Amino acid sequence: MSSQTQKVAIVTGASQGIGAGVVAAYRKLGYAVVATSRTIAPADDADVLTVQGDIADPATAERVVAAAIERFGRVDTLVNNAGVFVAKPFTDYTADDYATVVGINLTGFFRITQLAIGHMLTQGGGHIVNVTTSLVDNADARVPSALASLTKGGLQSGTKSLAIEYAGRGIRVNAVSPGTIKTPCTRRSPARTSPTCIRSAVWARSTTSSTPWCSWRTPPSSPARSCMSTAA
């Protein structure tokens, strides 16, 4: 059982790629971590609690946050990393495609963020990080991405709104907008590795806090963005 003074991070989409890297980064900083995805395996580390579930189901959010409170007693950071990208011409999207992308990218963010913020308000502060995409602001004709832009664009706007809403109440809300990252997810399909370049993710510490965040080395022609809130 961890000390009640130990900070705790929740990471969604945590079984591989960026999510697994986020879990490792927070552990290096001494955080306990609650990691969730549909297929995540139990962890050997006593300070990493894994919870299997589909984040598109609000019941998963309830279980994840409840597990964090029961095991570690608090929630200091939530990283909404879970996401899905379906690259199809707009007229080829199916109702199932729409439901899947909206379910994971938006519904998956909504309930778990509500619950996390509720606990952060009780504690007196916390940090939300939303992973969006640079395609929201830099559309690419070679990468059909209407559903990604629709959902991640909503997440980007929601980040700005939440950052303002909670800036005076001790909760920072940030978004990180990477380009295509070379992970197991992007290697599954040629359509996902077709953009101009594959960016290499580099982990760095924020210059304003002890919380790790992602920065991306990106060519000047297709910059990744980091939408940082002004909350203290």
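**Reading strands, helices and burial in a predicted model**

Reader: Which residues of β5 lie on each side?

Author: Gly126, Ile128 and Asn130 are on one side. His127, Val129 and Val131 are on the other. All are buried, and both faces of β5 are covered.

Reader: Which way does β5 run against β4, parallel or antiparallel?

Author: Look at the bridges. Strand β4 (residues 77–80) and β5 pair in the parallel sense, over 4 bridges. Val79 stands opposite Val129 in β5. The chain crosses from β4 through α3 to β5, and this β-α-β crossover is right-handed.

Reader: And how many bridges join β5 to β6?

Author: There are 6 bridges between β5 and strand β6 (residues 171–177), and the two run parallel. Asn130 stands opposite Ala175 in β6. Here the unit consists of β5, α4 and β6, and it is right-handed.

Reader: Now the helices. How do I check the length of α4?

Author: Compare the expected span with the distance between the end C-alpha atoms. Helix α4 (residues 146–166) has 21 residues, which at 1.5 Å a residue should span 30 Å. Its end C-alpha atoms are 30 Å apart, so the two agree.

Reader: Which residues of α4 are buried?

Author: Start with the general idea. An α-helix has 3.6 residues a turn, so residues three or four places apart point the same way. Now the case. The buried residues in α4 include Leu147, Thr151, Leu155, Thr159, Leu162 and Tyr166. Ala148, Lys152, Gly153, Gln156 and Ala163 are buried too.

Reader: Where is the kink in α3 centred?

Author: Check the span, then the bend. Helix α3 (residues 95–123) has 29 residues and reaches 41 Å from its first C-alpha to its last, close to the 42 Å expected. Yet α3 has a kink of about 40°, centred on Gly103. After the helix comes Gly124, with a positive phi near 100°.

Reader: Which residues is Thr12 in contact with?

Author: Leave aside neighbours within four places in sequence. Thr12 is then in contact with Thr36, Ile55, Leu78, Val79, Asn80, Asn81, Ala82 and Ile112. Val79 is the residue that stands opposite Val129 in β5.

Reader: Where is Asp45 found?

Author: Asp45 sits in the loop between β2 (32–37) and β3 (48–52). Its relative accessibility is 31%, and it counts as partly exposed. Arg27 is 18 residues from Asp45 along the chain, and their C-alpha atoms are separated by 9.5 Å.

Reader: Zoom out. What pattern does the protein chain follow?

Author: List the elements in sequence order. The protein chain has 4 helices and 9 strands, and the pattern reads β-α-β-β-α-β-α-β-α-β-β-β-β.

Reader: What share of the residues counts as buried?

Author: Of the 232 residues of the protein chain, 49% count as buried.

Definitions and conventions
Residues are numbered from 1 along each chain as its sequence is written. This is a predicted model: local features need pLDDT of at least 70, side-chain atom pairs count only at pLDDT 80 or more; totals for chains, interfaces and linings use all residues. Side-chain values use heavy atoms; hydrogens and water are left out. The expected span of a helix is 1.5 Å times one less than its number of residues. The bend at a residue is the angle between axes fitted to the seven residues ending there and the seven starting there. Buried means under 20% relative accessible area, exposed over 50%, partly exposed in between (1.4 Å probe, protein chains only). Two strands pair if DSSP finds at least two bridges between them. A crossover is right-handed if, with the strands pointing away from the viewer, the path from the first strand over the helix to the second runs clockwise. Contact means heavy atoms within 4.5 Å.
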